Amino acid sequence: MSKKVGVLRFLGTNCDADVYQAIKDLGHTPEYLWWSDRFDWKSYSALVLPGGFSYGDYLRAGALAAQAPAMDDVKQAAKSGVPILGICNGFQILCEAGLLSGALTKNISRQFQDEWVEVELVGSDGPWTQVGQKSFRLPIAHSMGRYFAPKDTLKALEDDGLIWLKYKRNPNGSLHDISGILNKNRNVAALMPHPERAIHSWMGSSDGRSLLQSGLGGAL
Amino acid sequence: MKYLVTIMPREEALDPQGRAVQSTLNRLGFKVQDCRVGKVVVVDLADGSNESQNLEAVKKMAQTVLSNPLIETFEVRTL
Amino acid sequence: MTLDQKLKHYRLSQSEYEKMKLALGHEPSQIEWALFSALWSEHCSYKSSKVHLRGLFTKHPRVVQGPGENAGVIDLGQGERVAFKMESHNHPSFIEPTQGAATGVGGILRDVFTMGARPIASMDYLCFGDPKDSETPRLLAGVVKGVGGYGNCVGVPTVNGQTTFHKTYNKNNLVNAFSLGLFRPGEEVFYGRASGVGNLIVYAGARTGRDGVHGAAMASESFGSNLEAKKPNVQIGDPFYEKLLIEACLEVMNENLIVGIQDMGAAGLTSSTFEMAARAGTGLRMDLSKVPLREPDISPEEILLSESQERMVMIVEPKNLNRVVDVFKRWDLDCAVIGEITSGDHVELVWKNQVIARVSHKPLVNQAPVYERPFDLPSQPKKTEITTPESNELGSVLLKVLKSPEMRSREWIFKQYDQRVGAKTMSACESDVALLRLPDSGRVLGMNTGCRVSVMQWHPYLGGADAVIFPVIQQATRGVKALALTDCLNFGNPEKPQVMGEFVSALKGLNEAATQLEVPIISGNVSLYNETQGKSIVGTPATGIVGLREPLLGPSHEFTESALEIFILKTKPEMYLMGEFNRIVHDREPQGDFTEIHFESVKSIQKFCLENFQHFECAKAIGRGGLAVTLARMCLSVGAEIVSLDGPRNPQVSLFAERFYSVVLGVKKAKAERLKQAIEKERHLELVPIGKTQEALELKILNLIKVNLNDVKTAYSENLGGLVENLA
């Protein structure tokens with residue numbers, strides 16, 4: 001069934017069109033949501049915060065976008081259980097907005113890294129884990145992708161099964177090899193790799209399909 | 001002995017970061033006339049005995065390594 | 001200031017001063033000095049190169065827009081068109097590598113999107129000095145950071161390029177940035193023309209600061225030893241702002257709200273507005289006090305010449321102004337009306353309610369001085385015998401070559417570039433040709449860069465031709481038909497007859513190859529005075545070539561499976577040059593028998609590849625370091641055994657010389673017969689079986705070379721970052 005999926009656009013978001021196309025290719029109906037406009041979150045079956053460089057990554061990656069008016073509605077939607085996905089910069093924005101725990105810091109290489117990685121599905125509950133596939137080959141492209149959280153937060157994430165995806169070979173120094181996490185309710189998920197760049201075999205992998213498709217189906 | 005080095009974008013140089021931060025702050029209702037984003041570096045020198053020599057050394061590192069004189073200025077302060 | 005001081009300050013010659021005075025009919029005012037200085041600079045006027053650029057092959061049915069606009073445009077059929085251009089930012093990148101390279105990328109992106117095309121891919125042609133030169137690590141680290149930082153943030157993938165290390169670029173590095181934009185079906189092409197008397201001149205984007213005042217004149221000068229003095233005009237780029245500018249500009253263009261548009265590049269507001277008026281044959285009235293400023297006390301002269309980044313000029317009909325302002329506001333950008341279009345050919349500049357200059361744009365733009373500088377053409381290339389000391393250790397020689405900074409993998413560089421944003425990338429920097437899937441037709445756009453310094457050293461004519469031929473053949477191996485090119489002609493001091501001769505000869509070779517292969521030249525730029533302390537660089541006519549493949553899938557650039565038959569497909573006659581091998585192994589100048597281009601055979605090899613690529617599993621043109629290096633680079637995951645070499649030459653030559661021109665093919669047994677049949681019709685080609693791919697993870701070449709693939713990989717992937725480790 002075709003679902004209306006909201007795609008957030010902040011100033012400087014640059015993967016919005018890619019995510020939009022991927023959602024369409026998966027048979028859903030994407031719709032752009034503008035950072036400065038409030039929106040009726042109830043009319044969307046899922047929301048996606050795409051990657052890019054909102055506000056140029058200035059100050060801290062995601063920090064300025066987290067202050068956008070549209071984020072008030074994202075917060076409401078999150079509270080009400082709407083499936084929300086953050087990709088790359090979207091992950092950073094969700095952390096800065098307090099919808100996910102922890103923070104994304106500079107890669108241990110101190111450089112931007114563009115490469116293919118293998119990630120493994122670790123979480124098992126909630127809309128974003130109903131994937132039917134255990135391991136995924138996906139591209140990363142970021143300089144602030146090293147997941148960081150205090151020890152007790154990390155322990156809680158592990159204990160509560162809120163780690164969504166882990167790198168098989170850690171590319172950026174992420175603590176506990178984390179490449180994606182979930183919130184407590186498991187409706188908000190985010191990852192650093194780009195599933196929208198891996199949905200057709202000509203892109204080099206189509207493993208991103210099932211990952212995107214899982215949560216876009218709507219709340220369980 | 002600890003020294004604080006403050007590095008700022010030159011007055012006449014464009015500060016993209018400051019411009020973006022300022023625009024967000026103003027939208028949130030703060031009244032910001034100008035905003036510039038720099039960085040600070042704290043260095044602790046092993047030898048605390050010679051204040052003026054130390055200050056010279058910190059200035060030298062600020063000039064040659066910590067800042068890019070083409071686009072940045074710096075200030076050194078004893079902590 | 002005395003006249004002599006003025007000439008020096010404004011970088012004009014005595015005869016140019018006379019010409020300027022004659023055109024004006026009076027002694028020039030300060031503003032007029034500044035205008036002429038900027039627009040008559042080499043950078044803006046092409047005064048040394050213009051006479052040689054006139055005869056270039058630029059017209060072809062697929063060319064929608066050739067040189068002379070912000071970027072060239074070609075028609076791909078099925079409603080799809082692309083705009084592209086390459087431009088140098090050599091001087092700024094030496095002074096401040098990160099900002100210099102970043103603003104180079106920003107500038108070329110603006111040239112492309114002002115045409116109305118959304119930028120979808122960038123490439124970079126970079127040249128650095130000897131890795132051991134004290135400046136090289138700083139420049140390499142800075143330039144890569146600048147290119148990546150800007151492209152990644154703005155969301156345009158960097159998909160290919162080339163990085164050369166050679167002592168000729170010591171303290172004179174080259175940064176040539178290429179960008180390509182796509183018009184999807186139904187999208188219109190926009191031009192930098194100030195048409196329609198009464199229309200408004202609208203300034204959009206960043207405020208004007210003192211950045212890069214006199215930059216255009218500076219780029220037209222050689223470097224002395226006194227670098228410090230040139231530092232204060234560094235331009236700072238803001239990719240975030242550029243991203244907003246791209247979106248806002250494309251939006252007003254898609255809604256058809258503007259008449260013309262141009263980026264403020266070199267010599268800023270001056271060159272953009274004067275050129276737009278000259279192209280449209282109109283006049284302008286501009287009030288400089290309406291230009292948004294970053295600092296309040298900037299003088300009108302500085303406003304005219306500022307090279308602050310991320311600024312545009314648009315021509316807007318008055319009825320559309322409000323809508324344009326709204327679109328920009330939505331993207332958090334300001335615009336300001338700074339003037340209007342008038343009839344006639346005069347530009348009137350106003351400052352605080354006073355006319356401070358009124359000059360015709362004709363002498364400034366269309367009647368800029370043109371020089372027929374004296375030139376000494378290089379002598380004909382001479383066949384030299386390739387002599388090379390015997391060696392029983394060719395395996396370790398191969399590893400040494402692979403490991404050298406000149407040859408090793410550029411992964412450290414391209415890992416810092418986002419190569420996939422835009423979700424069109426099929427193959428990027430790891431391959432010799434980037435491939436992007438076009439979203440509407442599903443066809444494949446191919447692109448790469450050309451120009452090899454050792455061939456230029458051998459002979460400028462051959463080097464210029466090779467800068468076109470080699471990338472065209474590389475594209476053909478992947479089934480991509482080259483359609484058009486852009487070039488960046490980087491040369492030394494044009495006032496030296498040898499340098500001018502090198503320029504003329506290289507351009508002749510480049511143009512001849514472009515004509516023969518039917519790859520029209522649609523845009524480009526010339527960068528002269530690449531000279532440091534009196535020493536000019538080896539001329540470097542870099543090219544960016546764009547082509548098209550109809551089917552989605554084609555051959556790989558690496559061996560993909562074992563038991564493939566390996567062939568060399570080569571031209572008859574085939575010529576050789578010991579270029580990179582001589583440099584890396586023996587620190588010697590090139591030697592070879594490469595003295596002419598046999599265009600018939602070059603065209604045959606391209607055509608054969610395009611007609612038969614569906615039978616190749618993998619294919620790669622033999623490039624720098626010859627057959628051995630090409631095989632090693634195809635063997636990163638599958639081994640190969642070579643049982644015979646093609647031809648009777650000294651095996652070191654067969655293995656390590658650059659060839660003009662040959663391709664290594666990996667072919668399935670069942671398809672090999674078809675190729676053998678197809679080759680029989682070819683008078684100028686030969687297909688020579690030389691071995692097979694194999695399961696054993698090694699590359700074996702007769703009894704000369706036997707290397708483990710792990711060793712190949714280790715040598716080839718030796719971290720380039722090692723060169724800059726203490727800086728990174």
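This is a predicted model: local features need pLDDT of at least 70, side-chain atom pairs count only at pLDDT 80 or more; totals for chains, interfaces and linings use all residues.
Residues are numbered from 1 along each chain as its sequence is written, and chains are lettered from A and ligands numbered from 1 in the order in which they are written.

In chain C, helix H7 (residues 97-113) packs against helix H10 (residues 239-254) at an angle of about 5°, and their axes are 11 Å apart. H7(C) and H10(C) are therefore roughly parallel to each other. H7(C) contributes C:Gly106, C:Leu109 and C:Phe113 to the contact, and H10(C) contributes C:Pro239, C:Glu242, C:Ile246, C:Cys249 and C:Leu250. Helices are DSSP runs (H or I, at least four residues), as are strands (E, at least two), numbered from the N terminus. Axes are lines fitted to C-alpha atoms, for helices over the stretch in contact, and angles run from 0 to 180 degrees between N-to-C directions.

## Interface of chains B and C

Contact here requires C-beta atoms, placed from the backbone, to lie within 7 Å. On this basis, 14 residues of chain C are in contact with 8 residues of chain B.

## Fold of chain A

Chain A has 5 helices and 11 strands. Its C-alpha atoms fill a box of roughly 40 × 35 × 35 Å along the principal axes. Among contacts in chain A between residues at least 6 apart in sequence, 76% join residues at least 24 apart.

How values were computed: Two residues are in contact if their C-beta atoms, placed from the backbone, lie within 7 Å. Angles under 35 degrees count as roughly parallel, over 145 as roughly antiparallel, 65 to 115 as roughly perpendicular and the rest as oblique.
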